[in-house]
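This report describes the nonpolar cores of a structure and then the organisation of one of its chains. The sequence and the structure are shown first.

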Amino acid sequence: MNGNNTTVIKRKKFKISNLPNSTYIFGVLFIIFSLCIPNFFSPSNLSNLVVQASPLIIISIGMSMVIMTGCIDLSVGGNISMTGVIMATLLMLGMPAIFAILCGLAIGTCFGLLNGFIVQKMRVAPFIATFGMMGIAESIANIVSKKRTVYWEPSPTNELIKGVQTNLFQIQLGNKSSQTLFLSFITIICIVIAVIAIYVFKKTAFGAHIYSVGANEEIARLNSISPVKIRMAVYAISGFLAAVASLLYMSRINSAQPTMGDGLEFQAIVAAIIGGNSLRGGKGSIPGAILGALSLFAVRNALSLAGVGTSWVQVFIGVVLIVGMIFNALVYWWEHDRKSSRKITVKGAVQQ
Amino acid sequence: MSKLLEIKGVCKSFPGVKALEDIDIDLDYGEVHVILGENGAGKSTLMKILSGAYQADTGEMFVEEQKVLHNSPKVSESLGIRMIYQELNLVEELSVAQNIFLGKEQYKGIALNKKQMNENARQMMANMNILVDPNTLIKDLGVGTQQMVEICKALSTNAKILVFDEPTSSLTDSEIAELFRIIRMLKEKGVGMFYISHRLEELKEIGDRVTIMRDGKKILTTAADQISMNEIIEGIAGRKIENLFPHTRKEPGDCLLEVNGLTGEKFRNVSIKVCAGEIVGMSGLVGAGRTEVARALMGIDRCNGGEAFLVGKPLPKNNIQKVVDMGLCLLPENRKTEGLALSLSIRENTIISSINRLFPGLITQKKKESQVVSQYVTDLNIATSSIEKLVQYLSGGTQQKVVVAKWLMSQSKVFIFDEPTRGIDVGAKSEIYRLMDELTKQGAGILMISSDLPEILGMSDRIYVMAQGDLVGELDAGEATQQEILRMAFKQHSPAVEEVG
């Protein structure tokens with residue numbers, strides 16, 4: 001082959017605008033809060049922050065995958081309430097914790113599968129299908145719990161639930177209580193799930209297939225990837241992760257409320273969006289969604305430390321979302337502008 | 001010598017339409033077989049039967065003298081038949097290697113063997129003389145390189161037969177040259193290729209044989225060097241197109257559009273003028289800044305300096321509404337996304353920019369709308385059963401006419417056509433040319449941006465040539481030649497190393 005016509009395409013390895021938005025949103029918020037809010041940057045508060053954020057991180061991972069395929073799952077919050085109430089009721093009836101948990105996880109997963117079935121096989125638009133399922137799940141939660149908080153009697157058979165919220169270890173870094181660094185089982189569950197999700201996404205073909213389905217179903221089909229299977233899978237994963245999140249909530253408050261999942265789907269969508277998802281699909285990243293969820297809880301945590309009423313939380317989350325998006329556009333513009341003014345080199349020969 | 005592929009007596013009907021009638025076609029090893037025909041002539045149907053997406057009603061297919069019994073996408077893939085589609089089928093957010101191996105990833109244990117796939121992808125691209133980091137995301141590559149990735153993907157599975165469906169419609173000239181180089185390389189390796197294109201001049205450059213199809217029938221198959229352009233056009237259109245370019249040159253009237261030293265981000269110091277009754281061609285390579293000039297004139301993009309006058313009055317900057325009201329309009333290259341609302345009817349699309357003028361009050365009257373629109377539909381000879389038909393169901397040529405109707409109704413004086421006939425078949429092309437001629441007869445001025453040199457030479461009164469953002473020349477159409485335009489367009493242009501940032 002004659003080497004004279006070889007085209008050399010150089011790649012810039014690192015691009016800020018290729019990072020998920022949540023990276024710098026989280027970075028900026030973290031620095032501001034650490035500097036301005038006393039006690040924010042204390043070991044116990046940070047440990048606590050991760051514990052608080054864990055359920056949202058877990059459902060955001062599922063939400064991010066669903067959005068990457070170009071769909072959406074509005075039923076996550078309802079699913080959390082429903083599976084929580086069902087698990088709590090089973091515990092109340094004296095079922096051993098392990099069976100109650102397995103039941104809850106199975107119900108959550110099936111609920112997700114049903115979402116996928118309605119969207120993909122019945123061809124109902126994802127927004128409408130999961131909106132309907134959200135209502136159904138919330139109602140089931142109310143019916144099962146009779147709109148009351150469900151408690152259970154502590155007994156040897158359900159110690160497992162208590163175990164979830166215990167701390168694996170604590171390290172006292174100083175003599176004040178705020179200087180305790182602790183690692184809860186909740187955090188460990190969250191980390192394990194995140195690691196598995198990232199591993200599966202990066203090291204198997206699943207991630208690439210999710211992107212291809214979201215970018216263009218036709219492309220996926222031409223490459224013998226089944227959009228039906230992929231979408232059913234991500235909805236099932238989203239449902240399963242909702243049940244896990246529900247378990248974490250339940251163990252923390254030692255009860256289940258029929259409203260405990262309300263609004264969580266909104267927060268998970270926000271986390272996924274500032275994590276780099278596009279609602280059109282084919283974009284996004286799991287680490288981005290995780291950082292997105294952490295950003296939201298950093299805001300909540302900081303506001304409560306600063307003594308701002310909980311009613312204001314949504315205002316700030318909305319501001320973070322919108323300012324984050326504007327910031328993202330600015331970063332893109334800045335890089336794009338520099339790119340277009342960079343000189344194009346002209347070479348005819350092979351370069352390596 | 002035995003044939004690589006033979007298709008005999010293929011028929012295919014859809015409800016109400018006979019899409020293919022008794023088609024025989026064959027392909028040799030290392031041959032480029034060009035298939036020409038208008039939209040709807042049956043080319044795509046034939047290729048879909050080849051790839052197994054459709055089943056033929058009757059007829060036989062042989063690959064390397066083996067009869068193919070039940071063709072399906074899976075079977076055709078196993079036979080080494082690959083399609084390179086017009087719209088690129090790559091996932092933008094994935095890397096070059098991930099795209100090449102999409103759906104057939106290589107595993108090492110339970111994890112992907114990324115190292116191996118990256119190395120293979122790098123090697124495959126290097127075989128086509130493109131050195132690219134296989135981790136580069138597709139969205140960071142130019143369209144031309146993306147197409148190479150697509151070809152690479154097809155070749156990664158030992159393709160014997162490649163089908164190119166209008167591969168050059170979105171490529172620049174240097175990218176087309178690169179594509180042709182690779183096609184020649186594949187020929188040497190014995191790969192047989194079908195090549196579907198609307199650009200007739202490509203046929204002579206790359207084709208060995210040519211088959212012309214019309215209305216689901218094969219008109220002829222012949223060696224590419226034994227057929228003249230006129231014969232081809234006649235064959236495609238099924239009628240003698242005496243004069244594809246009907247524009248009659250005459251004395252230009254008053255100056256309608258005058259632009260002095262317009263400067264924007266991608267072009268500098270552009271001064272042009274367009275007179276009544278005149279078609280002014282604007283030629284140059286893709287990326288020379290022609291479309292950007294048009295967008296700046298319309299007030300869509302910002303411009304940094306210069307001024308423009310329409311019938312003596314200065315054009316406002318960054319105010320599309322006012323520019324349109326003054327009588328300048330743009331018929332964008334991308335009709336489907338920028339020129340029309342596809343899910344609305346012909347009536348709604350046509351009336352959209354005149355609605356305030358027709359109904360100064362708050363209330364609109366559908367009856368009056370219909371009357372006015374029907375008038376234009378008749379005048380422009382728009383082929384439709386009803387003005388309530390949705391625009392998405394119209395052919396490319398008819399859609400273009402609806403855009404013209406819209407601007408005619410809003411009383412435009414100067415029409416800027418951006419690539420007016422891209423992706424439109426020969427029959428519809430000639431109608432659009434006639435329409436342009438009609439517009440000039442009625443005293444309108446036309447600025448026509450086009451990369452199609454025969455079109456520029458055939459239709460224009462004067463020709464401006466742009467290169468890399470500069471206006472490099474003005475030619476009288478009577479004296480201009482393709483060579484001269486190309487020489488100007490390439491003036492400051494040399495093949496560049498594509499840099500990805």
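The largest nonpolar core has 164 residues, and those with the most contacts inside it are Leu56(A), Ile59(A), Ile61(A), Met87(A), Val244(A), Ala293(A) and Leu162(B). A nonpolar core is a set of buried Ala, Val, Leu, Ile, Met, Phe, Trp, Tyr and Cys residues joined through C-beta atoms within 7 Å; a residue is buried if 20 or more other C-beta atoms, placed from the backbone, lie within 10 Å of its own. Helix α10 of chain A (residues 227-253) supplies the largest share of this core, 16 residues; helices are DSSP runs of H or I with at least four residues, numbered from the N terminus. A second, separate core has 72 residues, including Val274(B) and Val404(B).

The model is predicted: local features need pLDDT of at least 70 and side-chain atom pairs count only at pLDDT 80 or more, while totals for chains, interfaces and linings use all residues. Residues are numbered from 1 along each chain as its sequence is written, and chains are lettered from A and ligands numbered from 1 in the order in which they are written.

In chain B, buried residues make up 46% of the 501 residues. The C-alpha trace of chain B spans about 70 × 50 × 50 Å along its principal axes.

| Domain of chain B | Residues |
|---|---|
| Domain 1 | residues 5-237 |
| Domain 2 | residues 243-327 + 412-493 |
| Domain 3 | residues 340-411 |

Between domain 1 and domain 3 of chain B, the C-alpha centres lie 38 Å apart.

Definitions and conventions. Buried ≥ 20, exposed ≤ 12 C-beta atoms within 10 Å, placed from the backbone. Helix = DSSP H or I, 4+ residues; strand = E, 2+ residues; numbered from the N terminus. Domains from an automatic or database assignment.
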